[in-house]
Amino acid sequence: MRKFMIRALIVLIFLGCTGLFVYKHFSSRIIFNTNYINGNTAGNLYNAGLFCENNGVVFFANPDDENRLYSMDANGGNLKKLCNDTVMYINADSHYVYYVRDNDLSAAGHNFFSFHNNSLCRLDRKDSHVTVLDPDPCLYASLIGNYIYYLHYDTETATTLYKIKIDGTERTKLSDTYQFTCSSDGQYFYYNNMSTDGSIWIYDTATDSTYQVYSCNSYKPTVSGDGNAYYLDVDQNNALVHTNIHTGNPTVLTTDSIDTYNVYGSYIYYQRYDKESPALCMIKNDGSNARELALGTYSCINVTSYYIYFTDYFTGQVYYTPTSNPGELTRFSPGRIEDKK
(Lines give C-alpha, C1' and ligand atoms only; values in the text may rest on other atoms or scores of the structure.)
Protein backbone atom coordinates (compact mmCIF):
# COMPACT_ATOMS: atom_id res chain seq x y z
CA MET A 1 0.00 0.00 0.00
CA ARG A 2 2.85 2.34 0.90
CA LYS A 3 4.66 1.64 -2.38
CA PHE A 4 1.42 2.31 -4.28
CA MET A 5 0.99 5.69 -2.56
CA ILE A 6 4.61 6.65 -3.30
CA ARG A 7 4.18 5.69 -6.95
CA ALA A 8 0.93 7.62 -7.15
CA LEU A 9 2.60 10.66 -5.60
CA ILE A 10 5.45 10.44 -8.12
CA VAL A 11 2.95 10.21 -10.98
CA LEU A 12 1.05 13.25 -9.65
CA ILE A 13 4.27 15.27 -9.33
CA PHE A 14 5.29 14.25 -12.85
CA LEU A 15 1.90 15.19 -14.27
CA GLY A 16 1.94 18.47 -12.36
CA CYS A 17 5.39 19.39 -13.66
CA THR A 18 4.45 18.39 -17.18
CA GLY A 19 1.26 20.44 -17.01
CA LEU A 20 3.18 23.45 -15.70
CA PHE A 21 5.74 23.12 -18.49
CA VAL A 22 3.02 22.89 -21.14
CA TYR A 23 1.17 25.86 -19.64
CA LYS A 24 4.29 28.02 -19.59
CA HIS A 25 5.22 26.94 -23.10
CA PHE A 26 1.88 27.82 -24.65
CA SER A 27 1.18 30.89 -22.49
CA SER A 28 4.54 32.39 -23.50
CA ARG A 29 4.33 31.37 -27.15
CA ILE A 30 4.44 34.31 -29.52
CA ILE A 31 1.46 34.65 -31.83
CA PHE A 32 2.75 35.52 -35.28
CA ASN A 33 0.88 37.51 -37.91
CA THR A 34 -0.46 35.67 -40.93
CA ASN A 35 -0.01 38.60 -43.32
CA TYR A 36 2.12 41.70 -43.86
CA ILE A 37 0.35 43.90 -41.35
CA ASN A 38 1.70 47.44 -41.00
CA GLY A 39 1.94 48.67 -37.41
CA ASN A 40 1.15 52.37 -37.84
CA THR A 41 0.68 54.99 -40.55
CA ALA A 42 3.61 56.68 -42.27
CA GLY A 43 2.49 60.13 -41.13
CA ASN A 44 2.28 59.12 -37.48
CA LEU A 45 5.66 57.40 -37.49
CA TYR A 46 7.34 60.36 -39.18
CA ASN A 47 5.91 62.38 -36.27
CA ALA A 48 7.36 60.27 -33.44
CA GLY A 49 4.54 57.68 -33.47
CA LEU A 50 2.93 59.01 -30.29
CA PHE A 51 -0.51 57.70 -31.32
CA CYS A 52 -1.40 54.40 -32.98
CA GLU A 53 -4.91 53.17 -33.81
CA ASN A 54 -5.65 49.46 -34.15
CA ASN A 55 -9.16 47.98 -34.43
CA GLY A 56 -10.81 50.90 -32.67
CA VAL A 57 -8.23 51.15 -29.87
CA VAL A 58 -5.75 54.04 -29.73
CA PHE A 59 -2.42 53.41 -28.02
CA PHE A 60 -0.68 56.63 -27.10
CA ALA A 61 1.99 58.43 -25.10
CA ASN A 62 0.02 60.16 -22.35
CA PRO A 63 1.22 63.77 -21.86
CA ASP A 64 -0.48 63.85 -18.45
CA ASP A 65 1.72 60.98 -17.22
CA GLU A 66 5.22 61.64 -18.60
CA ASN A 67 4.31 60.14 -22.00
CA ARG A 68 3.76 56.68 -20.55
CA LEU A 69 1.92 54.09 -22.61
CA TYR A 70 -1.88 54.23 -22.34
CA SER A 71 -4.81 53.08 -24.43
CA MET A 72 -8.27 54.50 -25.04
CA ASP A 73 -11.18 54.11 -27.41
CA ALA A 74 -10.89 56.08 -30.64
CA ASN A 75 -13.37 58.65 -29.29
CA GLY A 76 -11.28 59.18 -26.14
CA GLY A 77 -13.15 56.96 -23.66
CA ASN A 78 -12.12 53.88 -21.67
CA LEU A 79 -8.72 55.17 -20.57
CA LYS A 80 -6.21 52.48 -19.46
CA LYS A 81 -2.61 52.62 -18.31
CA LEU A 82 -0.57 49.81 -19.86
CA CYS A 83 2.91 50.28 -18.43
CA ASN A 84 5.30 52.77 -16.86
CA ASP A 85 7.49 53.23 -19.92
CA THR A 86 7.78 56.58 -21.66
CA VAL A 87 7.15 55.66 -25.28
CA MET A 88 7.42 56.73 -28.89
CA TYR A 89 7.23 55.04 -32.32
CA ILE A 90 4.21 52.98 -31.24
CA ASN A 91 3.08 50.11 -33.48
CA ALA A 92 0.36 47.54 -32.89
CA ASP A 93 -1.12 44.32 -34.21
CA SER A 94 -3.95 42.19 -32.82
CA HIS A 95 -1.88 40.72 -30.00
CA TYR A 96 0.98 43.10 -29.17
CA VAL A 97 2.05 46.72 -28.95
CA TYR A 98 5.60 47.57 -30.01
CA TYR A 99 7.39 50.75 -29.08
CA VAL A 100 10.68 52.46 -28.38
CA ARG A 101 11.14 52.86 -24.64
CA ASP A 102 12.67 56.18 -23.68
CA ASN A 103 12.39 56.67 -19.96
CA ASP A 104 15.05 59.41 -20.02
CA LEU A 105 13.30 61.49 -22.68
CA SER A 106 11.84 64.85 -21.70
CA ALA A 107 8.12 64.86 -22.43
CA ALA A 108 8.47 68.27 -24.10
CA GLY A 109 11.50 67.37 -26.19
CA HIS A 110 11.46 64.61 -28.81
CA ASN A 111 14.96 65.30 -30.04
CA PHE A 112 15.02 62.24 -32.27
CA PHE A 113 18.78 61.99 -32.64
CA SER A 114 19.82 62.68 -29.05
CA PHE A 115 20.25 58.92 -28.54
CA HIS A 116 19.14 58.96 -24.94
CA ASN A 117 16.62 56.41 -26.16
CA ASN A 118 16.84 52.91 -24.77
CA SER A 119 15.29 49.67 -25.91
CA LEU A 120 12.86 48.37 -28.48
CA CYS A 121 10.01 46.66 -26.61
CA ARG A 122 6.96 44.44 -27.11
CA LEU A 123 3.93 44.59 -24.79
CA ASP A 124 1.39 41.77 -24.64
CA ARG A 125 -2.09 43.26 -25.07
CA LYS A 126 -3.56 40.46 -22.95
CA ASP A 127 -1.55 40.88 -19.74
CA SER A 128 0.65 43.99 -20.39
CA HIS A 129 3.83 41.94 -19.96
CA VAL A 130 6.78 43.83 -21.47
CA THR A 131 9.66 42.12 -23.30
CA VAL A 132 12.79 43.93 -24.45
CA LEU A 133 13.55 42.99 -28.07
CA ASP A 134 16.67 45.12 -28.53
CA PRO A 135 18.32 46.79 -25.50
CA ASP A 136 20.32 49.25 -27.63
CA PRO A 137 19.14 52.76 -28.59
CA CYS A 138 16.53 52.55 -31.35
CA LEU A 139 14.47 54.97 -33.45
CA TYR A 140 11.83 54.99 -36.20
CA ALA A 141 10.51 51.48 -35.55
CA SER A 142 8.00 50.07 -38.05
CA LEU A 143 6.16 46.76 -37.78
CA ILE A 144 5.89 44.96 -41.11
CA GLY A 145 4.44 41.45 -40.87
CA ASN A 146 6.46 39.58 -38.25
CA TYR A 147 9.49 41.86 -38.25
CA ILE A 148 10.24 45.31 -36.94
CA TYR A 149 12.46 47.49 -39.12
CA TYR A 150 14.20 50.26 -37.25
CA LEU A 151 17.24 52.48 -36.83
CA HIS A 152 19.79 51.05 -34.43
CA TYR A 153 22.56 53.01 -32.74
CA ASP A 154 25.81 51.96 -31.13
CA THR A 155 29.12 53.72 -30.58
CA GLU A 156 31.01 51.58 -33.12
CA THR A 157 28.79 51.87 -36.21
CA ALA A 158 26.58 54.87 -35.27
CA THR A 159 23.12 54.73 -36.93
CA THR A 160 22.33 51.73 -39.12
CA LEU A 161 19.25 49.93 -40.43
CA TYR A 162 18.21 46.80 -38.55
CA LYS A 163 15.39 44.32 -38.44
CA ILE A 164 14.30 41.93 -35.68
CA LYS A 165 11.58 39.30 -35.49
CA ILE A 166 8.71 40.04 -33.11
CA ASP A 167 9.81 37.15 -30.85
CA GLY A 168 13.19 38.86 -30.38
CA THR A 169 15.17 36.53 -32.66
CA GLU A 170 16.98 37.16 -35.95
CA ARG A 171 18.32 40.60 -35.08
CA THR A 172 20.11 41.58 -38.29
CA LYS A 173 21.89 44.66 -39.61
CA LEU A 174 20.57 45.39 -43.09
CA SER A 175 22.45 48.52 -44.10
CA ASP A 176 25.36 50.63 -42.90
CA THR A 177 23.36 53.78 -43.70
CA TYR A 178 20.11 54.73 -42.03
CA GLN A 179 16.82 54.87 -43.93
CA PHE A 180 13.43 55.91 -42.62
CA THR A 181 11.17 52.85 -42.47
CA CYS A 182 7.93 54.75 -41.80
CA SER A 183 6.16 54.55 -45.17
CA SER A 184 5.14 50.90 -45.39
CA ASP A 185 2.55 49.25 -47.60
CA GLY A 186 2.17 45.50 -47.18
CA GLN A 187 5.56 43.86 -47.50
CA TYR A 188 7.26 47.02 -48.78
CA PHE A 189 8.52 50.25 -47.32
CA TYR A 190 9.56 53.35 -49.25
CA TYR A 191 12.30 55.79 -48.33
CA ASN A 192 14.41 58.63 -49.64
CA ASN A 193 17.96 57.44 -50.19
CA MET A 194 20.13 59.34 -47.72
CA SER A 195 23.41 58.25 -49.32
CA THR A 196 22.70 59.38 -52.90
CA ASP A 197 20.43 62.08 -54.28
CA GLY A 198 17.17 61.80 -52.34
CA SER A 199 15.42 59.59 -54.89
CA ILE A 200 12.59 57.36 -53.68
CA TRP A 201 13.53 53.73 -53.20
CA ILE A 202 11.53 50.65 -52.28
CA TYR A 203 12.56 47.93 -49.83
CA ASP A 204 11.02 44.47 -50.27
CA THR A 205 10.97 42.84 -46.84
CA ALA A 206 10.17 39.43 -48.32
CA THR A 207 13.55 39.31 -50.06
CA ASP A 208 15.49 42.05 -48.26
CA SER A 209 16.13 43.64 -51.64
CA THR A 210 15.94 47.30 -52.60
CA TYR A 211 15.85 49.40 -55.76
CA GLN A 212 15.06 52.92 -56.95
CA VAL A 213 11.48 53.64 -58.09
CA TYR A 214 11.42 57.42 -58.64
CA SER A 215 14.05 60.05 -59.37
CA CYS A 216 13.75 63.27 -57.31
CA ASN A 217 15.34 65.00 -54.34
CA SER A 218 12.83 64.10 -51.66
CA TYR A 219 12.58 63.97 -47.90
CA LYS A 220 10.30 61.65 -45.91
CA PRO A 221 8.08 60.35 -48.73
CA THR A 222 4.67 58.82 -48.09
CA VAL A 223 3.85 56.24 -50.78
CA SER A 224 0.79 54.01 -51.17
CA GLY A 225 0.47 50.74 -53.05
CA ASP A 226 -1.12 52.37 -56.10
CA GLY A 227 1.98 54.52 -56.56
CA ASN A 228 0.63 57.81 -55.19
CA ALA A 229 3.45 59.60 -53.42
CA TYR A 230 3.81 62.76 -51.36
CA TYR A 231 7.16 64.17 -50.37
CA LEU A 232 9.01 67.31 -49.34
CA ASP A 233 11.05 68.57 -52.28
CA VAL A 234 14.50 69.55 -51.02
CA ASP A 235 15.24 71.49 -54.22
CA GLN A 236 12.14 73.64 -53.69
CA ASN A 237 12.69 74.66 -50.06
CA ASN A 238 10.74 71.64 -48.72
CA ALA A 239 7.61 72.37 -50.74
CA LEU A 240 4.99 69.61 -50.66
CA VAL A 241 4.81 67.62 -53.90
CA HIS A 242 2.45 64.94 -55.14
CA THR A 243 3.38 62.48 -57.88
CA ASN A 244 2.84 58.91 -58.99
CA ILE A 245 5.98 56.81 -58.94
CA HIS A 246 4.72 54.84 -61.96
CA THR A 247 3.51 57.64 -64.22
CA GLY A 248 5.36 60.72 -62.94
CA ASN A 249 3.87 64.21 -63.44
CA PRO A 250 4.94 65.81 -60.12
CA THR A 251 2.68 68.61 -58.87
CA VAL A 252 3.52 71.16 -56.18
CA LEU A 253 0.58 71.24 -53.75
CA THR A 254 1.86 74.18 -51.72
CA THR A 255 5.02 76.28 -51.94
CA ASP A 256 5.06 76.67 -48.16
CA SER A 257 8.31 75.51 -46.61
CA ILE A 258 7.25 72.55 -44.48
CA ASP A 259 8.79 71.18 -41.28
CA THR A 260 6.60 68.10 -40.90
CA TYR A 261 3.42 66.69 -42.44
CA ASN A 262 0.90 63.85 -42.19
CA VAL A 263 -1.27 62.47 -45.00
CA TYR A 264 -4.60 61.04 -43.83
CA GLY A 265 -7.50 60.30 -46.16
CA SER A 266 -8.10 63.20 -48.52
CA TYR A 267 -6.27 65.78 -46.40
CA ILE A 268 -2.71 66.66 -45.50
CA TYR A 269 -1.84 68.36 -42.21
CA TYR A 270 1.47 70.20 -41.98
CA GLN A 271 3.57 72.71 -40.09
CA ARG A 272 4.53 75.74 -42.16
CA TYR A 273 8.00 77.07 -41.50
CA ASP A 274 7.97 80.86 -41.53
CA LYS A 275 10.06 83.12 -39.29
CA GLU A 276 7.31 85.73 -39.17
CA SER A 277 4.15 83.61 -39.13
CA PRO A 278 4.64 79.88 -38.59
CA ALA A 279 1.36 77.98 -38.59
CA LEU A 280 -0.32 74.63 -38.42
CA CYS A 281 -2.10 74.17 -41.75
CA MET A 282 -4.19 71.72 -43.74
CA ILE A 283 -4.77 71.20 -47.44
CA LYS A 284 -6.65 68.70 -49.60
CA ASN A 285 -4.44 66.15 -51.28
CA ASP A 286 -5.12 67.76 -54.66
CA GLY A 287 -3.76 71.10 -53.43
CA SER A 288 -7.12 72.82 -52.88
CA ASN A 289 -8.84 74.23 -49.76
CA ALA A 290 -5.64 75.32 -48.01
CA ARG A 291 -6.18 76.96 -44.63
CA GLU A 292 -4.50 77.69 -41.33
CA LEU A 293 -5.62 75.82 -38.23
CA ALA A 294 -3.52 77.70 -35.71
CA LEU A 295 -0.68 80.21 -35.70
CA GLY A 296 2.46 79.02 -33.94
CA THR A 297 4.96 76.20 -34.15
CA TYR A 298 3.68 72.65 -33.72
CA SER A 299 5.28 69.23 -34.03
CA CYS A 300 4.36 65.55 -33.70
CA ILE A 301 1.26 65.67 -35.94
CA ASN A 302 -0.53 62.36 -35.29
CA VAL A 303 -3.90 61.43 -36.81
CA THR A 304 -6.55 58.90 -35.78
CA SER A 305 -10.05 58.28 -37.11
CA TYR A 306 -11.58 60.68 -34.55
CA TYR A 307 -8.92 63.27 -33.80
CA ILE A 308 -5.78 65.02 -35.03
CA TYR A 309 -3.20 65.57 -32.30
CA PHE A 310 -0.50 68.26 -32.28
CA THR A 311 2.23 69.24 -29.84
CA ASP A 312 3.23 72.83 -29.15
CA TYR A 313 6.93 72.82 -30.00
CA PHE A 314 7.93 75.21 -27.21
CA THR A 315 5.67 74.21 -24.31
CA GLY A 316 5.13 70.50 -25.01
CA GLN A 317 1.35 70.94 -24.57
CA VAL A 318 -0.64 68.53 -26.74
CA TYR A 319 -3.79 69.73 -28.53
CA TYR A 320 -6.39 68.01 -30.68
CA THR A 321 -9.14 68.80 -33.16
CA PRO A 322 -11.77 66.53 -34.78
CA THR A 323 -10.66 64.71 -37.92
CA SER A 324 -14.15 65.05 -39.42
CA ASN A 325 -14.27 68.83 -39.02
CA PRO A 326 -10.90 70.35 -38.04
CA GLY A 327 -11.11 73.72 -36.37
CA GLU A 328 -10.33 75.16 -32.97
CA LEU A 329 -7.65 73.28 -31.05
CA THR A 330 -8.50 71.84 -27.62
CA ARG A 331 -5.97 70.93 -24.93
CA PHE A 332 -5.52 67.16 -24.81
CA SER A 333 -5.61 66.22 -21.14
CA PRO A 334 -6.86 62.64 -20.71
CA GLY A 335 -5.79 62.45 -17.06
CA ARG A 336 -3.54 59.91 -15.43
CA ILE A 337 -4.07 56.63 -13.65
CA GLU A 338 -2.08 56.08 -10.48
CA ASP A 339 -0.23 52.80 -10.07
CA LYS A 340 -1.76 50.31 -7.67
CA LYS A 341 0.16 50.06 -4.40
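These are my notebook entries on what I looked up in the structure above.

**Entry 1: ground rules.** I am working from a predicted model, in which local features need pLDDT of at least 70 and side-chain atom pairs count only at pLDDT 80 or more, while totals for chains, interfaces and linings use all residues. Residues are numbered from 1 along each chain as its sequence is written, and side-chain values use heavy atoms, with hydrogens and water left out.

**Entry 2: the whole protein.** I looked up the secondary structure and found two helices and 27 strands, where helices (H or I, at least four residues) and strands (E, at least two) are DSSP runs numbered from the N terminus. Of the 341 residues, 50% are buried, with buried meaning under 20% relative accessible area, exposed over 50%, and partly exposed in between (1.4 Å probe, protein chains only). I also noted that, among contacts between residues at least 6 apart in sequence, 38% join residues at least 24 apart, a contact being heavy atoms within 4.5 Å.

**Entry 3: the nonpolar core.** I took a nonpolar core to be a set of buried Ala, Val, Leu, Ile, Met, Phe, Trp, Tyr and Cys residues joined through side-chain atoms within 4.5 Å. The largest one has 59 residues, and those touching the most other members are Phe51, Leu69, Ile90, Tyr99, Leu120, Ile148 and Tyr150. Strand E4 (residues 80-92) gives the most to this core, namely seven residues. I then followed Ile148, which, leaving aside its neighbours within four places in sequence, has contacts that include Tyr98, Leu120, Leu133, Tyr162 and Ile166.

Entry 4: Asn146 sits in the loop between strand E8 (138-144) and strand E9 (147-154), and with a relative accessible area of 17% Asn146 is buried. Its side chain reaches the backbone nitrogen of Asn33 at 2.6 Å, which I checked against the rule for a polar contact (a pair of N or O atoms within 3.5 Å; within protein, one must be able to donate a hydrogen and the other to accept it, and residues adjacent in sequence count only if both atoms are side-chain atoms). Leaving aside neighbours within four places in sequence, Asn146 is in contact with Phe32, Asn33, Ile164, Lys165 and Ile166. Thr34 lies in the loop between helix H1 (2-27) and helix H2 (42-46), and Thr34 counts as exposed at 83% relative accessibility. Thr34 and Asn146 are 112 residues apart in sequence, yet their C-alpha atoms are 8.4 Å apart in space.

**Entry 5: positive phi.** I noted two residues that have a positive phi without being glycine: Asn237, at about 60°, and Asn289, at about 55°. Asn237 is in the loop between strand E17 (228-233) and strand E18 (239-244), and Asn237 is exposed, with a relative accessible area of 54%. Asn289 is in the loop between strand E22 (279-284) and strand E23 (291-295).

**Entry 6: the lining of the largest cavity.** I listed the lining residues, those with an atom within 4 Å of a point of the cavity (on a 1 Å grid over the protein atoms alone, a set of points where a 1.4 Å probe fits but cannot get out), as Tyr46, Tyr219, Lys220, Leu232, Asp259, Thr260 and Tyr261. Strand E16 (218-223) and strand E20 (258-264) are the elements that give two or more residues to this lining, and the largest share, three residues, comes from E20.

How values were computed. On a 1 Å grid over the protein atoms alone, a cavity is a set of points where a 1.4 Å probe fits but cannot get out, and a pocket is an open set with protein on both sides within 12 Å along at least five of seven lines; lining residues have an atom within 4 Å of a point.
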